[in-house]
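Hello,

Here is the structure I promised to pass on. Please open it and read my notes alongside.

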Amino acid sequence: MKPESGQAQTKVVAQLYSSVWKYLPDRNQSEMSRLQNPAKVALRHKMKETLGAMSATARAEQSEIITRKIQELPFYKNCKRVSIYLSTEREVSTVELMKQMFAQNKQVFVPTYDRTTMRMVRLADMADYEGLPKTSWNIKQPDFGDDTREYCLATAGLDLIILPGVAFTRSGRRLGHGGGYYDRFLRDYFAKFPNQKEAKDGTAAGTKTYLVGVAFREQLLPEGQLPSDEHDFPLDLIVWPGDE
């Protein structure tokens, strides 16, 4: 018998995983996050090696292009309340984009985590960012217990959420890091702030929250090669440097 290709094996594993979940009673988001899709686990391991092989120069050059392209999005100018992740060394850098957002008088929200929950809280300015404490993983993060910061779910929602990820497809599918933080946050967020009909001129106008992923070229996969589960949130757009 001819052995199956890696892509075919991944597809079979994903199908088996979905079949198991179909017959598990009373499944919920918390259980899903604990039972990891083995196809996703394998892909995360592969992408970790791919991203680790990228040079700092390549990451910086691609991040610069992505920063410019985000600001050229037709709806970006009208987005006043924006969520952006605080990047690690191997992710698309968000530092320069965050500087631009503050210069454009946007309200900037960033994630803070505890063991099971992610909250989006507001930063005042770049000085506030620079003064953030670091976690044990050497990542800047606001204090989760700081009740003086504005929490977006308790106020007015967001116009734009920029998401990190391990891998993406051009159609908007995303593979996260496996903690399920964004999936749980988005579930709660859209329960409170559901999207309404988009304005005719394409502006956000407080009626739609855009979900935009950012990716290095190395993180884009062909359609059908990124395993997914029913609780995954599709994104509106993936911003990447292009093939140049």
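Start at threonine 209. Leaving out residues up to four places away in sequence, threonine 209 touches Leu158, Asp159, Leu160, Ile161, Tyr189, Phe190, Asn195 and Asp236 (contact means heavy atoms within 4.5 Å).

This is a predicted model, where local features need pLDDT of at least 70, side-chain atom pairs count only at pLDDT 80 or more, and totals for chains, interfaces and linings use all residues. Residues are numbered from 1 along each chain as its sequence is written, and side-chain values use heavy atoms, with hydrogens and water left out.

Threonine 209 counts as buried, at 3% relative accessibility (buried is under 20% relative accessible area, exposed over 50%, partly exposed in between, with a 1.4 Å probe and protein chains only). A polar atom of its side chain lies 2.7 Å from the backbone oxygen of leucine 158.

Now the rings. The whole structure holds six aromatic pairs (rings of Phe, Tyr and Trp, the last by its six-membered ring, with centres within 6.5 Å; planes under 30 degrees apart are stacked, over 60 edge-to-face, the rest tilted). Tyrosine 189 is buried at 0%. Phenylalanine 190 is buried too, at 18%. Phe185, Tyr189, Phe190, Phe193 and Phe233 make up one aromatic cluster.

Last, charges over rings (NZ of Lys or CZ of Arg within 6 Å of the ring centre and within 35 degrees of the ring normal). Lysine 106 has its charged end over the ring of tyrosine 76, 4.4 Å from the centre. Lysine 140 does this with tyrosine 129, at 5.4 Å.

Best wishes

Key
A polar contact is a pair of N or O atoms within 3.5 Å; within protein, one must be able to donate a hydrogen and the other to accept it, and residues adjacent in sequence count only if both atoms are side-chain atoms.
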